[in-house]
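Dear colleague,

A summary of what was found follows directly after.

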Amino acid sequence: MENFNWNQGFTLDFNLQSGFSQNAGTTKRYLSDMRDFYGDTETVESILEKDNPLIYEFYELGCPEREGDLAFGTTIVYPGLVGSEYYMTKGHFHKKVDTAEVYYVLEGEGYMVMEDPGGNTREISMKKGEAIYVPRSFAHRSVNTGEGPLVMFFTFAADAGHDYGTIEQKGYHHMICRRDGEAVVMENRKWN
């Protein structure tokens, strides 16, 4: 983005309730973009016959991938279910696996699902006003378990990159599902 001077500083708008920005670029992920990420394939296809709901979107700057710079933006995960599984982000490792990331919840509630290459997992519940530190080497996914949007601010090293492919192929050991009106951590039968 040519309007931002990466070497002299700048300001940027982010609405602290909606996560929207008038000046940052947005990327939208619809159910059709995530059909292989959900456990209940039949329900996914049934929904897609009638609709293609927006699952989440994120605003980011397209920061140069230079060592020493920080990438930042907002992620908005909308409320909803695919079968019993809550709406979620695809999740990713960083290409530079030893990169950590910080999220701050501006609105809503949910879970951060994490897993390292050795299969160690952690699911952390999160709500408005909390910061979540995702340690280096952990893939991470945000899951919205609330009634309204889950809005988070994020920042990480700009040269870290994203690896979505590993998660697309393997998935996570655990998934967050709704059972008897509550969010529960369950084993993912599709995990490879």
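**The enclosed cavity**

Strand S2 (54–60), strand S6 (101–107), strand S10 (139–144) and strand S11 (150–157) each contribute at least two residues to the lining of the largest cavity. Please note that the model is a predicted one. When the whole structure is searched, one cavity of 30 Å³ or more is found. Sixteen residues, written 16 in the count, line the largest cavity, and those closest to its centre are Phe-58, Thr-75, His-92, Tyr-103 and Tyr-164. The space in the largest cavity amounts to about 190 Å³. Sorted by class, its lining comprises six nonpolar, seven polar and three charged residues.

At least two lining residues come from each of strand S7 (109–115), strand S8 (121–127) and strand S13 (182–187). By class, the lining of the largest pocket holds six nonpolar, seven polar and five charged residues.

For the second largest pocket, the volume is about 170 Å³. Strand S3 (70–77) and strand S11 (150–157) each provide at least two residues of its lining; strand S11 also provides at least two residues of the lining of the largest cavity. Among the residues that line the second largest pocket are Glu-60, Leu-61, Gly-62, Cys-63 and Glu-65, together with Phe-72, Phe-154, Phe-156 and His-162. The classes represented in this lining are seven nonpolar, three polar and two charged residues.

**Salt bridges**

Six salt bridges are found in a search of the whole structure. One of them joins Glu-57 and Lys-28, with 2.9 Å between the closest N and O atoms. This pair links distant parts of the chain, since Glu-57 belongs to strand S2 and Lys-28 to strand S1 (residues 25–30), and the two are 29 residues apart. Are the two partners buried or exposed? Glu-57 has a relative accessibility of 3% and therefore counts as buried, the limit being under 20%. Lys-28, in contrast, has a relative accessible area of 36% and is partly exposed.

A salt bridge also connects Lys-128 with Glu-107, the closest N and O atoms being 3.1 Å apart. Because Lys-128 lies in the loop between strand S8 and strand S9 (131–134) while Glu-107 lies in strand S6, the pair ties together parts that are 21 residues apart in sequence.

Lys-127 and Glu-130 form a salt bridge through their side chains, at 3.6 Å from N to O. Lys-127 is partly exposed at 49% relative accessibility, and Glu-130 is partly exposed at 28%.

**The surroundings of Glu-107**

Which residues does Glu-107 touch, leaving aside those up to four places away in sequence? They are Leu-16, Gln-17, Lys-128, Pro-149, Leu-150 and Val-151. With Lys-128, the side chain of Glu-107 makes a polar contact of 3.1 Å. Glu-107 and Ser-18 are separated by 89 residues in sequence, yet their C-alpha atoms are 7.7 Å apart in space.

With kind regards

Conventions
Residues numbered from 1 in each chain as written. Predicted model: local features only at pLDDT ≥ 70, side-chain atom pairs only at ≥ 80, totals over all residues. Heavy atoms only, no water. Helix = DSSP H or I, 4+ residues; strand = E, 2+ residues; numbered from the N terminus. Nonpolar A, V, L, I, M, F, W, Y, C, P; charged D, E, K, R; others polar. 1 Å grid on protein atoms, 1.4 Å probe; cavity = no way out; pocket = protein on both sides within 12 Å on 5 of 7 lines; lining within 4 Å. Points joined across faces, edges and corners; volume = space filled by probe spheres on them. Contact = heavy atoms within 4.5 Å. Polar contact = N/O pair within 3.5 Å; in protein donor to acceptor, adjacent residues only side chain to side chain. Salt bridge = Lys/Arg side-chain N within 4 Å of Asp/Glu carboxyl O. Buried < 20%, exposed > 50% of the residue type's maximum accessible area, 1.4 Å probe, protein only.
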